[in-house]
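This report describes how selected parts of one protein chain are arranged. Please keep the sequence and the model in view while reading.

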Amino acid sequence: MPISSPNSAAKIRLPRPLLPYRNSPSILHKNLLPKLQIHPFPRLRCGHKVNSATAQNFNVEFESMDLEKYARELEVAVKAVHMASLLCRRVQESLIFESNVNVQSKDDDSPVTIADWSVQATVSWVLSEAFGSENVSIVAEEDVETLSRCDSIDLLDAVAKTVNDSLAEAPSFGIRPPAAPLNTSEVLEAISRCNSPGGPTGRFWVLDPVDGTLGFVRGDQYAIALALIEDGEPVLGVLGCPNYPMKKEWLSYQNGYQRIVSRLASSSSTSWDRGCVIYAKKESGGAWMQPLLEKEKKFVWPNSAREIKVSTIDNPALATFCEPVEKANSSHSFTAGLAHSVGLRNEPLRMYSMVKYAAIARGDAEIFMKFARAGYKEKIWDHAAGVVIIQEAGGVVTDAGGHPLCFSRGMYLEGLDRGIIASSGATLHEKIIRAVDASWNSSCL
């Protein structure tokens, strides 16, 4: 919440050095400077209702911000996700061009690859090295059951090799690498360390190692998502989007990775075209995007970061909405009806993974709607990072009843009212909510 100060100027302390590596760059960076907080909706906790009056009548206050708060966590998280993004890019290229990556199926028939386990191990190791394993609690999607089977020795060896290849790049990020390559037991330990149940108190990280694995194996969009939750509220979020091109027209879900790569092969392409990491810190008043590292380059914080903002479009006829590619994850017919009733005329932008959140935050689309079928429960790792980023970019995320998403009840978004709506501003957001209320009883959801 805003902190009022009787002093006209807030006292700001300079941050301490970050990682225990002598070449670690400074954290002092303009995106962490105090800003005037102007959000479409004020910060509310689980259970509070966001309504029209709240949206229009909010107090604007100068915050007394401590530059040091979450600054270290943010830099470590960005570096971890950046390393994970490069790891995933290599695995996907091997999958697409060499077809030698083993794809497994989980109990719910969703796919999982060595990238999922390798990212989870890598991020777990980086966070534990930075803050101490005793101080790191992680809620994450994958477990070690499959990797621990006797018939999975080759798979586990492949995961361990992928993890060690990634950690070998740690010095490029100002991180001290392991003294020796991790063995398979250490890799399993790093993965299984991500067993936090979450909850309403304390601090824990939320990780989706490869959000949109189906898009990943099909050579399309996917994301690495990491967020920090404190006392039930997301306080920072990082999205690694290795296939997220700079040009909006390349975001169509029909444009697979191979087509994107062929376009990027031109001499005019830049590192910005080949993927990015997007991040934000609660109440910093901004969201930021940086390019993925190219070969043999070193990461220097903030790595050519530039600020991103949501779109200023508030006319539904000009707005674009995002939805999941797979019909099993969201009702396309219901969202199509909502779009028509609100006056949305543009073709929907269907994408895998939390890249949809990135699209809203970056201004490539204005609305994201997801209305899952009865019985489906949303997981916190599918939304936590994206919520922080959209809010800090100037947008709004609530459930269909106008309530903030609640991350304080374990691994699921319990108490969710019908569906999830993210938008670039209050005007569009309220129109969608009213349309949901008018149409819901006639839906089959």
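By about how much of a helix are Arg434 and Glu430 separated in helix α11? Arg434 and Glu430 are 4 residues apart in helix α11, so about one helical turn separates them.

## Basis of the report

The model is predicted: local features need pLDDT of at least 70 and side-chain atom pairs count only at pLDDT 80 or more, whereas totals for chains, interfaces and linings use all residues. Residues are numbered from 1 along each chain as its sequence is written, and side-chain values use heavy atoms, with hydrogens and water left out.

Helices (H or I, at least four residues) and strands (E, at least two) are DSSP runs, numbered from the N terminus. A residue is called buried under 20% relative accessible area, exposed over 50%, and partly exposed in between (1.4 Å probe, protein chains only).

## The open sheet

Strands of a sheet pair through backbone hydrogen bonds, either parallel or antiparallel. Here, two strands count as paired if DSSP finds at least two bridges between them. An open sheet is formed by 7 strands in the order β3-β4-β5-β6-β7-β8-β9, with mixed pairing. Its edge strands, β3 (138–140) and β9 (306–308), each pair on one side only. On average, neighbouring strands of this sheet are turned by 20 degrees against each other, direction ignored. For such angles, axes are lines fitted to C-alpha atoms (for helices over the stretch in contact), and angles run from 0 to 180 degrees between N-to-C directions.

Helix α2 (residues 71–97) packs on the sheet and touches β4, β5, β6, β7 (276–281) and β8 (287–291); contact means heavy atoms within 4.5 Å. The direction of α2 makes about 30 degrees with that of β6. Helix α10 (residues 384–392) lies across β5, β6, β7 and β8 and runs at about 95 degrees to β6.

## Strand β5 and its partners

Strand β5 (residues 223–230) is largely enclosed by the rest of the structure, because 7 of its 8 residues are buried. Strand β4 (residues 203–211) pairs with β5 in the antiparallel sense over 7 bridges. Within β5, Glu230 is the bridge partner of Arg203.

Strand β6 (residues 233–241) also pairs with β5 in the antiparallel sense, over 7 bridges. Gly237 in β6 is the bridge partner of Ala227, and Glu230 stands opposite Glu233 in β6. The hairpin of β5 and β6 has 2 residues between the strands, and Asp231 takes a positive phi near 50 degrees there.

## Salt bridges

Side chains of opposite charge can pair when their charged atoms come close. A salt bridge is a side-chain nitrogen of Lys or Arg within 4 Å of a carboxyl oxygen of Asp or Glu. The whole structure holds 16 salt bridges. One of them joins the side chains of Arg434 and Glu430 (3.8 Å, N to O). Glu430 is buried, with a relative accessible area of 15%. Salt bridges that share partners also join Glu73, Arg203 and Glu230 into one network.

Arg149 and Asp151 form a salt bridge in which the closest N and O atoms are 3.2 Å apart. Arg149 is partly exposed at 41% relative accessibility, whereas Asp151 is exposed at 62%.

Rings of Phe, Tyr and Trp (its six-membered ring) pair if their centres lie within 6.5 Å; planes under 30 degrees apart count as stacked, over 60 as edge-to-face and the rest as tilted. By this rule there are 9 aromatic pairs. The pair of Phe334 and Trp440 is edge-to-face, because the ring centres are 5.4 Å apart and the planes are at 85 degrees. This pair links distant parts of the chain, since Phe334 is in helix α8 (residues 332–342) and Trp440 in the segment after α11 (426–439), 106 residues apart. Phe334 is buried at 8% relative accessible area, and Trp440 is buried at 18%. Elsewhere, Phe173, Tyr279, Phe299 and Trp301 form one aromatic cluster.

A charge sits over a ring if NZ of Lys or CZ of Arg is within 6 Å of the ring centre and within 35 degrees of the ring normal. Arg418 lies over the face of Trp440, at 5.7 Å from the ring centre. Arg418 also forms a salt bridge with Asp437, with the closest N and O atoms 3.1 Å apart.
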